[in-house]
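Visitor: I would like to learn how to read a protein model, going slowly from the whole chain down to single residues. Could you guide me?

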Amino acid sequence: MAAIPPRAVFVTRDTDYELLLARHATRGQAKFFLESRGQSLGEVEDRHARFHAVLAQARAAVPGEWRQALARRSDLDRFLFAPEDVVVAVGQDGLVANVAKYLDGQPVIGLNPAPDLYDGVLARIGIERLGPLLPASVAGAAPIERRTMVRAVLDGGQRLLALNEIFVGHRSHQSARYRIAAGAAAEDHSSSGLIVASGTGATGWARSISEATGLGFPLGPEETAVGYWVREPFSSVATATHLRAGKLLAAATLSVVSRMNEGGVVFADGIEQDFIAFDWGRHVEIGPATRTLNLIAS
């Protein structure tokens, strides 16, 4: 039987122009809405056209014998990735994080469609480099960064994977109450919640917390370790603040038990609407995942 040819899966998100059309139904209404507020639709349309021009170039760069598919970010939880896929995330860095948890070893190319607009920390590949990288990624000839991810396992069996971080706390601005344990140390907390971040995530939300608190430590993106940071812990007769930050190596986990009667949540990579309820008595173990994001480096 002939081998199945590789498939290039292009992952995209709606452009600002497409989101405006979805909200206002027609171009004319979207134009009126912006112009009535002193803004122009032209710039938004230009970015939309530029993005789709790059996407068309990217699809034209796929070898002729390969298959192709297009997956929108909103459909990722229903899209079936195959072992022979090469995933091309076309957009901002966050799109790479969005797709990471749905993969199991497939190579990922982060394609930056607008280097003058997007930093390109994860989506760092320019369109001119895509053509040679596609067959190289299948042949194992492209350099790969195996970026550690974060895994959360709840007592009910639900699991979450994140490339950047997992948040545990209250869904509003109320204090989050829970019991936290790292190794032999444990204490009750009242805080603004906590995050557990990978080395990739340590350059984002975790970095802002560590810089504000002075509780930083080295954490590489390919290191089999994650870090945790507690946001604004409050000391009282019932709560302590000793377990504020730390590093979890390999099989080590952070254990958290909810003390919130309602509103407790666990979510991954900043996607608040895709949360798991974390109410009183629920238990979650968070640590480094065995699965990695295989990011094509150059």
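Guide: What follows is a set of questions and answers about this model.

Guide: This is a predicted model, in which local features need pLDDT of at least 70 and side-chain atom pairs count only at pLDDT 80 or more, while totals for chains, interfaces and linings use all residues. Residues are numbered from 1 along each chain as its sequence is written, and side-chain values use heavy atoms, with hydrogens and water left out.

Visitor: How many helices and strands are there in the protein chain?

Guide: Helices (H or I, at least four residues) and strands (E, at least two) are DSSP runs, numbered from the N terminus. Counted in this way, the protein chain has 6 helices and 16 strands.

Visitor: Why is the protein chain said to be as compact as a globular protein of that length?

Guide: The radius of gyration is taken over C-alpha atoms, and the globule rule is 2.2 Å times the number of residues to the power 0.38. For 298 residues the rule gives 19 Å, and the chain is as compact as a globular protein of that length because its own radius of gyration is close to that, at 21 Å.

Visitor: What percentage of the residues in the protein chain is buried?

Guide: A residue is buried under 20% relative accessible area, exposed over 50%, and partly exposed in between (1.4 Å probe, protein chains only). Of the 298 residues in the protein chain, the buried share is 47%.

Visitor: In what order do the 6 strands of the open sheet lie?

Guide: Two strands pair if DSSP finds at least two bridges between them. Strand S12 (245–249) and strand S15 (276–277) are the edge strands, each pairing on one side only. With antiparallel pairing, the order is S12-S11-S10-S7-S14-S15.

Visitor: Which residue is the bridge partner of Gly-227 in S12?

Guide: Strand S11 (residues 225–230) runs antiparallel to S12, and 5 bridges join the two. Within S12, the uncovered face holds Ala-245, Lys-247 and Leu-249, whereas Gly-246 and Leu-248 form the covered face. In a regular strand the side chains alternate between the two faces of the sheet. The bridge partner of Gly-227 is Lys-247.

Visitor: Which residue in the hairpin of S5 and S6 takes a positive phi?

Guide: S5 and strand S6 (residues 159–162) pair in the antiparallel sense over 4 bridges, and Val-153 has Arg-159 in S6 as its bridge partner. There are 4 residues between the strands of this hairpin, and the one with a positive phi, near 100°, is Gly-157.

Visitor: How many of the 8 residues of helix H4 are buried?

Guide: The buried residues of H4 include Asp-93, Leu-95 and Val-96, and they pack against S1, strand S3 (85–90), strand S4 (107–111), strand S5 (144–154) and strand S16 (283–296). Helix H4 (residues 93–100) is mostly covered, and the number of its residues that are buried is 7.

Visitor: Is Thr-12 buried or exposed?

Guide: Thr-12 lies in strand S1 (residues 7–12). Contact means heavy atoms within 4.5 Å, and, not counting residues up to four places away in sequence, Thr-12 touches Phe-51, Leu-55, Leu-70, Ala-71, Arg-72, Arg-73, Val-90 and Leu-95. With a relative accessible area of 4%, Thr-12 is buried.

Visitor: Is Ala-25 buried or exposed?

Guide: Most residues other than glycine have a negative phi, and most peptide bonds are trans. Ala-25, which is not a glycine, has a positive phi near 80°, and it is found in the loop between helix H1 (16–24) and helix H2 (27–35). At 61% relative accessibility, Ala-25 counts as exposed.

Visitor: And is Asp-269 buried or exposed?

Guide: Asp-269 also has a positive phi, of about 50°, although it is not a glycine. Asp-269 is found in the loop between strand S14 (264–268) and S15. At 14% relative accessibility, Asp-269 counts as buried.

Visitor: How many Å apart in space are Ser-255 and Val-54?

Guide: Ser-255 lies in strand S13 (residues 254–258) and counts as buried at 16% relative accessibility. Leaving aside neighbours within four places in sequence, Ser-255 is in contact with residues including Arg-179, Ile-180 and His-283. Ser-255 and Val-54 are 201 residues apart in sequence, and their distance in space, C-alpha to C-alpha, is 45 Å.
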